[in-house]
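Please read the points beside the coordinates.

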Amino acid sequence: MSSESMSGGSAPGLFTRKATGLVREARTVDALFYNVMWASVALSFSFAWLFYAFYPGANLVVSFLIAAAMGIPGAFLYAMLSQIMPRTGGDYVFNSRSLSPSIGFAANFSFCFWLAIIYGLYTTYMASYGFGAMGRMIAGFTGSQTWLSIGDWFSTESGLFITGTVALLLSAAIFVVGGLRLFLRLQVVVFALYALGTFLIPVIVGLVQTKAGFLANFNEYAANLGVNNATVKLAASGAEGGFVPSSGFDTTMTLKSVTVFWYIFGFLYASNYFAGEIRMRKGTHLLSIPGALLVAVVFIGALLPVYLGITGYDFNSLLGLADPAAYGFAAGAPAYPEVMGIASGSWVVGLVIIGGFTLGLLVWLPQTMLLISRAMFAWSFDRIMPERLSYVDPRTHAPVVSIAIVTVLGIASTAIYAFTDWFTTLAVLLGLTITLAITAIGGIVLPFRQKAMVDNSPYGKRIAGIPLLSIVAFFALIGFGCGIGVLLWDESSGASLSLNPGKLWLALGVYVVAFIIYGVSSAVRRSQGIDLKLAHRELPPE
């Protein structure tokens, strides 16, 4: 394939237009911040009691390190692919050019489908564990019933739905008003507050507080919520829920608990979806993708020991098994930001911690809006989807039609999580990880399918005659395969073969739907004199 062809000098009609209309406005550091926050580092650690309630005997440090090791080769693979094919659309572009247009579309369609499903998790968690916890935090230190009522409202069905819907509309407004540039400016501020509130201050609190001091604060806090001797009642309710004191290290439970940390380390690569809008520098994607994994390791590695030092196995296990109302938390068990706020002994410090956490959940909404809308844009630009989806506002350089559709999907997902229990926190991980595994397969074959493209990139080297990219992709496939295996094995993943076999069938069913959509689109375009396969032989223009 000629360099002219690969740069987008294609015959008229293969793409919706000769240029995307998107602008490279993002810096390397913007992509780094995006990846760290989008991977939900704080959210994954928020419910530390999950490990002890559902994975008795699990060692958090070991499972955390295993999950990180599984994600390392994938991080390098996505960084390399983003450098080789720096286009908006991410793994859709990678896989459609390395495997086939239909497989590339189906894998990416599945990824976006599951993200649309999980949207409501973030909007409802933001309401209950963010704004709701803020109200409870003030009440827990002041005894104010007004603030407690305000906090509890955010955990009601209407509170969850209204708060989430407003947040989604505000997220869309960011792109409609100021495009990617405005979002990136806001993201810098949010990242600073996120790092301060969810990591730096909790680490400091954990270093200066003692376990005895924390438990005393917890009892006083619960008393202001209306329950005296909360630790005693927590223990009694936890015993009824099946609490068993730690019996030491359990290998099986430790391996299964990798599921929770996979929530982080399987998904630190999302900046590849707007790679066509990131200013290219030497090492841009290596710094922003594997770099994000390193930041996540540092954050969790610092937080784990200090949090466990003041809470411990028994307390966390009891939180996961007891009825929250028994110890005064009628709206649900506290997540780690509220726990560390209680440990601090100050509602002001507590609000800063919870505020940083809430901002992390809030910024995930426009971040995912950016991701899905860019995927939709890429489908449309390659003519698989209607041309309108690739419309870019000339003032903001944002695909506003795609953003509007994502907003509607997000509101629907919020309704699902607010009013039903159809999906658990982790159930979407299986569908998302299958796409990663397909990308790894695409990375293995890319040097053979697009030899000139890879050879002319910074990653055209070979080791013992084997392309470097193929080697990295092979190890990434092992990591992603292990992730899929754990999710199918772990009964608490929400997608296990033993308890939830329907989730695997649903994940595969999404692919069937996607292949049908592609087939219909291909037939329609063929009737218009357009061969979709021709466009997918080259990179789309910038």
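1. One aromatic cluster is formed by Phe-141, Phe-214, Phe-218, Tyr-221, Phe-315, Tyr-327 and Phe-329. Rings of Phe, Tyr and Trp (its six-membered ring) are paired here if their centres lie within 6.5 Å; planes under 30 degrees apart count as stacked, over 60 as edge-to-face and the rest as tilted. By this rule there are 42 aromatic pairs.

2. The model is predicted: local features need pLDDT of at least 70, side-chain atom pairs count only at pLDDT 80 or more, and totals for chains, interfaces and linings use all residues. Residues are numbered from 1 along each chain as its sequence is written, and side-chain values use heavy atoms, with hydrogens and water left out.

3. Phe-45 and Tyr-307 make an edge-to-face pair, because their ring centres are 5.4 Å apart and their planes stand at 80°. This pair links distant parts of the chain, 262 residues apart: Phe-45 belongs to helix α3 (residues 41–46) and Tyr-307 to helix α15 (residues 290–310). Helices (H or I, at least four residues) and strands (E, at least two) are DSSP runs, numbered from the N terminus. Phe-45 counts as buried at 0% relative accessibility, and Tyr-307 is likewise buried at 0%. Buried means under 20% relative accessible area, exposed over 50%, and partly exposed in between (1.4 Å probe, protein chains only).

4. Phe-218 and Phe-329 are stacked, because their ring centres lie 5.7 Å apart with the planes at 10°. Phe-218 is in helix α10 (residues 211–224), whereas Phe-329 is in the loop between α16 (312–321) and α17 (336–344), 111 residues away. Phe-218 is buried, with a relative accessible area of 1%; Phe-329 is buried at 0%.

5. How many cavities of 30 Å³ or more are there? The count is five. A cavity is a set of points on a 1 Å grid over the protein atoms alone where a 1.4 Å probe fits but cannot get out; lining residues have an atom within 4 Å of a point. The largest cavity has a volume of about 100 Å³, and its lining includes Trp-38, Tyr-122, Phe-267 and Trp-364. Helix α7 contributes the largest share of this lining, three residues. The lining residues of the largest cavity divide into 11 nonpolar, one polar and no charged.

6. The mean pLDDT (the predictor's confidence in each residue, from 0 to 100) is 92, and 97% of residues reach 70 or more. Over residues 1–12, pLDDT stays under 50. Where pLDDT is low, the predicted coordinates should not be read in detail.

Notes:
1 Å grid on protein atoms, 1.4 Å probe; cavity = no way out; pocket = protein on both sides within 12 Å on 5 of 7 lines; lining within 4 Å. Points joined across faces, edges and corners; volume = space filled by probe spheres on them. Nonpolar A, V, L, I, M, F, W, Y, C, P; charged D, E, K, R; others polar. Contact = heavy atoms within 4.5 Å.
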